[in-house]
Each structure stands twice: as structure tokens, then as C-alpha cells.
Amino acid sequence: MADVKISGLHKRFGPFKAVQGIDLEIADGEFTVLVGPSGCGKSTLLRTIAGLEGISEGTIEIGGEVVNDMRPRDRDVAMVFQDYALYPHLTVERNIGFGLRARKMPADEIGRRVGRVAGMLGITPLLGRYPRQLSGGQRQRVAIGRAIVREPQIFLFDEPLSNLDAQLRDEMRGEIKRLHQDIATTMIYVTHDQIEAMTLADRIVLMRDGRIEQMGSPAELFERPVSRFVAGFLGSPRMSFLPGSVTRVDGKAGILVDGREVSLPLPAGRIPDATEAGTRVLLGLRPEHVVRARDEGAATGSARIDATIELLQPTGSRTFATFRLGDAQAMAELQAHDVGSAGETIRLEINLNRASVFDARTERAL
Amino acid sequence: MTQTPATRPGIRHRRRRRPSVGRFVFLGLFMFFVLAPIYWMFVTSIKPSDDYLAIPPVWFPAEPTTVHYTAALFAYRGLQGIVNSLVVSLAATVLSVAVGTAMAYSLARFNTGGKHLSFWVLSQRFLPPIAVVLPIFLIYRSVGLHDTRLGLIIAYTVFTLPVSVWMMLAYFRSMPRSMEDAALVDGCTQWQAFWQVAVPLAAPGIVAAAVFAFIACWTEFFFALVLTSRTAFTLPTVFRAFLGFQGAQYGEASALAIVSLAPSIALGVLAQRHLVRGLTLGAVRG
């Protein structure tokens, strides 16, 4: 159990800057997910914490101790790799016990610990097998077992689920979450999958081009993205971005989406008062911000429009409907029976309290 | 009606068999191509001298003899040559592969010497052996390594090292790094990660490199000719004695060649088993 403190971290590979100035504090027992598109530096950051990569600048502290020049084995961290990285020439039992043996633990203690972890993960019948005789899910369980048997201060996960099929991935995601609840150790988890990030994290650190774009709880990033990049990265289906400009009528702010005649009124305080009329903006709408209007009047902060549905994508429980708003397209999340077929015109209610507004030029949130 | 089930499997059977006939014909021709010279070597080794070049050829001698074997092994000291060759080749192979593996690992994982060191290692082979053999001969004579097995072992180790390094370098570069990373995080030192994880995983490559090094040493003639004389001479140099001014000792040459096949075949069988095991070992990802 330990906290991690990273300050002013830079990592360069020759002229390439993989990580450029990361400051990050991870509390003891916290589940932090590093997420971002490939090449954003998240895996490099994780590997510097593990000690597998040296750092060019800055410091990394684990449990209050600077570990910049410490060997991986002395940092007391455990890591789960994307390709599992099981030792193919060793049985499952020896794979799990490998780290303990390398640390010269007595054999009976190793046996006891391996047995307990195998029981915990339901892989006791596999102990005598070799990695090549296991399925992908079983291999990942063994890899996780190899990490937890050491009882390290920190767990590092490097895209551990991306080689698994969808169903198995859901299952293992649940298991990792449960594992964190059970052992409450600090975990740092790298993924490019926003669903994994949202479901697992106490805190998400969203990275882009070697820098932190935004960090916070999943709800914070989802509801109040600081930039178009963050808003577009999280959520599925993605947020729609509608170009438009700010209007001011009697001091009340609104957004005139390009191609429309009537502006959508924004709730008071939704954008800074200093924003002038005519400022070019992007209105960010997630599907769940747009629903079918019910009989009772519009809720405060909501606007109603009539729209023709262009495309329907039923998922069973919900139906995603693409409609045109001005010149751009947006998506609404409807109940399964809200609309019969594409081409129908229905009345939609847009919740502008939850919508995001970005400066069109800087793409930062207003 | 009742015939249908009976004929059907027959047709399927024939259909499956047809390509294998061609395969056996092809394999048969290939086997003949490979084995016929060995057979001729064998019959020559047991032929009386008059039958060597007889016309029509003697396919199998009426009175086989072992006289060529005793002559080749003892009079011409072929046995001593085989023992020397085995000792020198095995020692040089072990050294070359051990040093080569460690060196290749360093080049592959730590980028030792930047871009150029690995190529410099290979460039040692650009030098024709004849350019270096005389200086080596002079050095060996002055330090007392001339005509010693140790001298030849050193020369062969250096001579085979570039290829060993390059074969292992290619192997390590193709091996995913994550298992060694896992070992480091798990608690290994760099040395343990190399020894307990990288080396076992590279075993097929090591075996392949060893086979190449051994073949190079086992068949090497030129260095052996210059650097040895009456004590440390190797098998290839013994054959030189069979080519005299007054004709060739075909029987003795064939007899020694047959005997010297044994270690090669033993090595081949051993290496093959390891290579196959290595291939299945690698198939763990996915």
C-alpha cells in the first residue's frame, strides 16, 4: 500500500517526446486509469513508474521515497501486461510463484500463497499446465495471479484486456474491479478503451500527446469535459459537435446553430457572461442529452425542437436516432417504442444544462 | 443401393492417396540423390583397391575388406584427427555460442555500441581467412599455441563468433520483450531475467547457432592446415594425406569419411529434437 507522486516528468526517446511534463498524485488505495489514444504516452508513463524505462527529467515517488534510480525489483510493484507475458517454459504454478522464488521466499510459503491465489482466481485445476495449454482468459487470470501473489504496494496494468474477446473482457473487467474492492491496493491501469476507464476508475487521467488533458472522477470528465478532445473521447456513441455562434437577446445567452433560424436558449450562467454575441462555438450534445419530449412542459434549461429522424439504430433497450439540427447532425437517445421508422418527424427535448459549449477556435470548454 | 456406401469410401480413399504417390516419387528421387554418394562411399571403403575404378563398376565387392578402415584410422592417424576435431569443434561451439548469446542480448536489449557495433562484429567476416592466418601463425608460434588444441579452439571461437552473434541478435530482436520485463518487475535482476527467462526462450535459436558453429568448425580446413602439424591436426587435414603424388587412397578416404559421418548424424538428430521443441514452445501468444 503506497501513494505515488509524479512531478515534472519528462521522457524522451531521442528527439521524440513521449511524456512531456506530467504532474500527478495518486492516493493510497486509489484506482487510477490512464486513458488516451494510442501514442499519447500512457504506456510509457506506466513503464517509468515500473522502472522499466528511465526518465529524462522529474521525479517519481512511491510511498514517499524517490525511486528514479531504483531497479524495478526494488520498487515493490507488480505489473500485468497486454500480452500476459507468461513464461512459456514454466507451469502455471511456477509462473505464479516465479517472483516469490526470485525473492528467495521459503518453498512452503510459496506453495501456500500460490494455492491461495489460485483458489481466489479459480485456476487451481490449471496449476500443472503450461501457458500454451490455456485459453486467453485463463492466461490473463494467471497473469493477474502472478501479480497479486506478491502482495505488492502498487499494481500496474498495461492494457490487460485488449487481447480478449468482448464477452470475456466484460467479465474480466468485473473481476478486476472486485479485486480492487477486496484488496484495496493502489492500482494504475492503462487502457485506450473509454468504457474500461469509466467503469473501473476512481479517477481518470486522460492523456494526449504526452500531457494530461484532464483528470478527475469519471463523472467529472464525462459531464464537464474541458475540451472537445475529452468530450469526444469519452462516451459511446460519441458526442455530436454542432457549429454555431453565441446570441444575446435581452441579456439571455443562446446558441444559434448554423443553418437554423431560432437560437437555443442557454441556462443562465452556462457560459461566462463575458462571452460576446457572435463568438463562434461548438455545441456538444451527447445522445442522452436529447430525448423525446413528453406531454408535461419543458424542464428548465431544456429546449424543444421538431426534428425528422434520418437514421435509427436500435440496441434493444434504447434506440439511437440521428436527426438534423441546422446544418449538422446530432443523435438522440430514445426509448425503444418512441419512433417507428426513419423519416418520422417527432418533437425532441434537448437538455442544455448538460450540453457542453466549446470555443470553436481553441476547442476548450467555455 | 447397397453398393453406394461400399464404393464411396473407396473413392474418397483413392482421392486422398493420389497426391501422396507423387510425393513419394519425389521423395524417393531426393533420397536417391542424397544417399547414392554415401552408398558409393561405403562400398568404396570396403572394396579391394583394384575395384575402385573398375569398368564396369563394382556395385558391391565380392570380397569386402576392412583393411582401409584400419589404415585410415591408425596408420594415417584418422582416429586422432576425429578426436581432435570433436574436442576442438565442441569447445569452440560452446564458447562461440555462449559468448555470442550474451553479446547478442546486450546488443538487442541495451543497444550496446549504438547502431554500428553489431555491424562491426559482422564485418570481421569480410576479411579473407588467408589475410589473417599468417599473422596468427606467427603469434601462435611465439606464444606456444601452435599445434595445440587450445590454439585452434581460440581461432575457431573468434572465427565463428560473428555468425553466432548475428543469429542470436536476430532471435532476440524477434522475441517479445514483455516476458523479461515481467521478470524484472517480478523481482529478478537483469542477469536473472537473462538467464532464467531470455535464455530458455531463445533455446531454439541457441541450438541453431550451435549447429552452424559446429559445422563451420568441423569442416574447417585452412586454419587447421596452417596452425597445426603433428599433434592437434583435425579430421579435414587427415584427408589431405590420402591425395598423394602416386594416386589417391580412395578406400582410406571413404572409410574415414564414413566414420566421420557418425558425429554429424548424432548432432543432427539431437539438434532436430531441440529445434522442434523450441518451435512449439514459442507458440504461446495469441
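The legends below walk through several close-up views of this predicted model.

Residues are numbered from 1 along each chain as its sequence is written, and chains are lettered from A, with ligands numbered from 1, in the order in which they are written. Because the model is predicted, local features need pLDDT of at least 70 and side-chain atom pairs count only at pLDDT 80 or more, while totals for chains, interfaces and linings use all residues.

**View 1. Meet the two chains.** Chain A has 8 helices and 20 strands, whereas chain B has 12 helices and 2 strands. Here helices (H or I, at least four residues) and strands (E, at least two) are DSSP runs, numbered from the N terminus. Of the 366 residues of chain A, 41% are buried; in chain B, buried residues make up 33% of 286. A residue is called buried if 20 or more other C-beta atoms lie within 10 Å of its own, exposed if 12 or fewer, and partly exposed in between, with C-beta atoms placed from the backbone. The C-alpha trace of chain A spans about 80 × 45 × 35 Å along its principal axes.

**View 2. Two domains in chain A.** The domain assignment gives domain 1 (4-233) and domain 2 (240-359); such bounds come from an automatic or database domain assignment. Their centres, taken over C-alpha atoms, are 39 Å apart. Two residues are in contact if their C-beta atoms, placed from the backbone, lie within 7 Å.

**View 3. An open sheet in chain A.** Follow the 4 strands in the order β2-β1-β4-β5, with antiparallel pairing. Strands pair if DSSP finds at least two bridges between them. β1 (residues 4-13) and β2 of chain A are joined by 8 bridges, and one bridge partner to spot is V19(A) in β2(A), which faces K11(A) in that pairing. At the edges stand β2 (16-26) and β5 (65-66) of chain A, each with a single partner strand, so one side of each has no neighbour in the sheet.

View 4. Why is helix α2 (residues 92-102) of chain A largely enclosed by the rest of the structure? The helix is enclosed because 8 of its 11 residues are buried. Among them are V92(A), I96(A), F98(A) and L100(A). The cover over the buried residues of α2(A) includes α3 (107-121) and α4 (136-148) of chain A, together with α7 of chain B. After α2(A) comes K104(A), whose phi is positive, near 60 degrees.

**View 5. Where the chains meet.** Contacts link 19 residues of chain B with 19 residues of chain A. On the chain B side, α7 (178-186) and α8 (190-201) each supply at least two residues, and α7(B) gives the largest share, 7 residues. By class, this side of chain B has 12 nonpolar, 4 polar and 3 charged residues. Ala, Val, Leu, Ile, Met, Phe, Trp, Tyr, Cys and Pro count as nonpolar, Asp, Glu, Lys and Arg as charged, and the others, Gly among them, as polar.

**View 6. The largest nonpolar core.** This core has 161 residues, and M79(A) and L156(A) have the most contacts inside it. A nonpolar core is a set of buried Ala, Val, Leu, Ile, Met, Phe, Trp, Tyr and Cys residues joined through C-beta atoms within 7 Å. Helix α6 (residues 149-174) of chain B gives the most to the core, with 12 residues. Look around L156(A) and you will find that its contacts include L46(A), V77(A), M79(A) and I188(A), not counting residues up to four places away in sequence.
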